[in-house]
Structure formats: structure tokens, C-alpha cells
Amino acid sequence: MANTFELISSTVVGSGGAASIDFTSIPSTYTDLAVALSLRTNNDPDGGSYGICAISINGSTANLTQRRLQGSGSAASSFSFSNAQFPVDGSANTASTFANGSVYFPNYAGSANKSFSIDNVMEQNGTTTYMALIAGLWSQTAAINQLTFSAVSGLFVQYSSAYLYGIKNS
Amino acid sequence: MAAGSTYTPIATTTLGSAQATVSFNSFSGYTDIYAVCAPLFGSTSNFQMTFNSDSGSNYSNTILVGNGSTAVSDRQSNQTRIVAGYNGTSSSQKPMYQISLMNYANTSTYKTALIRANNAGSETIAQVGLWRSTSAITSIQFAMQNGDNFQTGSTFTLYGIQAA
């Protein structure tokens with residue numbers, strides 16, 4: 001039986017924290033890419049209520065757009081942004097609580113612009129938390145060979161993790 | 001999604017020329033089915049799917065959609081297909097669809113589809129679709145709601161997931 005879901009690389013942040021998690025030299029030998037994320041930052045750039053993770057592709061945050069569907073625990077809303085950022089647990093949120101996310105890139109090495117999805121949830125024992133479903137687009141035709149997940153402010157704390165998988169369709 | 005050898009590619013199609021329908025058949029022996037589709041549209045429409053070529057009014061769906069400024073939920077019953085979309089996708093946009101069909105081969109219950117439709121130029125969707133049939137799903141048909149063609153370069157992949 002084919003092993004279609006292969007671990008390419010993984011990172012678990014150490015005790016000093018990390019400003020970013022970087023996957024480089026991603027081979028073009030798979031069909032799709034999937035990333036499993038567990039993230040928490042030590043800073044809260046947006047009004048002090050949560051952290052933010054930003055995705056860079058091939059070393060750049062340019063040419064990225066998103067349409068987001070978001071639930072806060074009290075309301076559903078939608079936004080458009082010219083970036084690939086999403087909320088994660090930060091220092092204002094319940095200790096030891098990490099956001100969990102799944103990012104999926106179909107046909108990441110193809111010649112068309114790259115669409116992708118992000119399903120991410122942060123949770124805490126507080127009033128407000130955010131679940132974000134995101135349609136993302138990287139308006140570039142190059143193959144994706146690098147993915148970087150950065151804390152927009154501060155660092156990813158110890159035990160934050162990211163696992164990059166390659167998926168083959170044959 | 002589970003990792004390892006239980007996640008098996010069944011079939012993939014990359015269109016070398018435009019065509020109206022993409023179908024998958026012969027995918028028995030799995031517990032669940034997972035489809036990843038990146039169709040290219042030639043005109044503004046929505047993505048749709050049917051099972052076992054059933055065009056009867058046996059489908060319904062509930063949708064949660066964000067268009068970039070507002071979030072709404074809507075529902076349709078007694079439909080002739082499951083439509084994965086709300087505001088429509090245009091030819092300049094690059095949507096992708098992730099579709100999970102759990103326990104698709106059982107012959108006791110109606111079949112539910114869990115859908116994430118992603119179009120950064122139009123909308124983000126979380127959706128559930130229902131096919132009111134106890135038949136095992138033996139084929140899946142993807143098409144555009146307005147009957148137009150999927151364009152060259154559209155990709156469709158079906159994976160099978162085995163519980164054991």
C-alpha cells in the first residue's frame with residue numbers, strides 16, 4: 001500500500017522560544033502539502049487579546065490574500081486581508097493553551113497561482129476565543145519551496161510545533 | 001487527517017482539455033473518502049457534486065459562508081445536487097474544495113458530506129451536504145452548477161481512508 005502521507009520535516013520549539021518556524025528546500029515531488037500546527041506566542045499584538053501567526057511563502061509575505069470566516073464565541077464574522085495571518089493563543093490567554101491549525105496546499109508545485117486553506121482554532125478559559133476558516137491565495141506561479149510561520153510579535157513559546165507533510169496522489 | 005499507509009490515493013485527474021463533468025468510480029474497500037479538487041472555471045458558477053448519478057431531489061445542504069465582510073448561514077432542501085458555493089466563483093479565481101465522505105459504503109444510513117470550500121477572491125465556506133439514500137456511494141460526479149466546462153489544468157484527486 002502506498003505511503004501517501006509522508007512527514008517531510010518537523011519543528012518543536014525549544015526553551016528559548018523562536019520567532020519563526022521555517023521549512024526550506026521543500027521538494028516538488030509531492031502533489032499536495034499539509035501542515036499541522038500547535039502554536040502559542042509570548043506577545044499579543046492586537047489589543048492584547050491574542051497572538052498572531054503569519055505565513056510567508058518562498059521567503060515573502062507579498063502576493064498573499066485571504067478571505068476569513070471567523071467565530072469568536074459570541075458572533076460570526078468575515079474579513080478580507082492582504083496577508084496570510086491568523087490568530088493564535090498569546091500571553092493574554094489561559095496558560096499552557098495552544099492554538100491548533102491545519103494548512104493545506106493542493107498542487108503546490110503546479111504552474112497556476114496557489115490556493116490554500118487554513119482551519120485554525122485558539123481556545124482558552126476566557127470569554128473570547130477565535131476559530132478561523134480561511135481561504136488563502138498566493139498569486140504566484142512558482143512552485144512552493146519554502147514555508148515560514150512567524151510570530152507577528154514576540155516569539156513562539158516552548159512546545160509550539162509544526163509538522164510538514166507531503167501528500168502523493170499516486 | 002490520519003497519517004500513514006491508511007491514506008491511499010484512489011485516482012487523480014488533471015484535465016488536458018475542458019470538460020463538463022469529472023467522475024470517479026470503483027473505490028470500494030475503504031472506510032471514508034477524502035477528495036481534494038482545484039477546478040478552474042470558465043464562467044461564474046458554483047461547484048456541485050452528485051452521487052451514483054442520482055439527479056433526483058434527494059440532496060440538502062447547510063452552509064456557513066464568509067464573503068470578506070459578513071458571515072451568513074443558509075440552507076436548501078430537496079435539491080438535485082449538493083452545491084458547494086454561495087456567491088459563485090469566476091474564471092479569474094482559483095478555488096479549492098476539500099470533501100470528506102464518512103462511512104460512504106454503508107447501506108443503512110443516509111450519506112453526509114463535510115465540505116470546506118475555499119475561494120480567496122469570493123468566499124470561505126464550511127458546509128454539510130446530505131444525500132438521502134441508503135445505497136453505498138459507488139460513484140461521484142463533479143460539475144459546474146451552470147453546466148459549463150471545467151477548464152484545462154483543473155485537478156481532482158480522490159483518497160481512500162481505511163480504519164483498519
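In this predicted model, strand E9 of chain B is mostly covered, with seven of its nine residues buried. Buried here denotes 20 or more other C-beta atoms within 10 Å of the residue's own, the C-beta atoms being placed from the backbone. Strands are DSSP runs of E with at least two residues, numbered from the N terminus. Residues are numbered from 1 along each chain as its sequence is written, and chains are lettered from A in the order in which they are written. Local features need pLDDT of at least 70, while totals for chains, interfaces and linings use all residues.

E9(B) has partners to consider in turn. With E8(B), the pairing is antiparallel and extends over six bridges; two strands pair if DSSP finds at least two bridges between them. Within this pair, Ala113(B) of E9(B) stands opposite Leu101(B). E10(B) also runs antiparallel to E9(B), and nine bridges join the two. Here Leu114(B) faces Val128(B) of E10(B) as its opposite residue. Three residues lie between E9(B) and E10(B), which together form a hairpin.

We turn next to the interface. Chain B places 33 residues in contact with 34 residues of chain A, contact being a separation within 7 Å between C-beta atoms placed from the backbone. Among the elements giving two or more residues to this side of chain B are E8 (96-102), E9 (111-119) and E10 (123-131). The most comes from E1(B), with four residues. By class, this side of chain B holds 13 nonpolar, 17 polar and three charged residues, where Asp, Glu, Lys and Arg count as charged, Ala, Val, Leu, Ile, Met, Phe, Trp, Tyr, Cys and Pro as nonpolar, and the others, Gly among them, as polar.

Notes:
Predicted model: local features only at pLDDT ≥ 70, side-chain atom pairs only at ≥ 80, totals over all residues. Contact = placed C-beta atoms within 7 Å. Buried ≥ 20, exposed ≤ 12 C-beta atoms within 10 Å, placed from the backbone.
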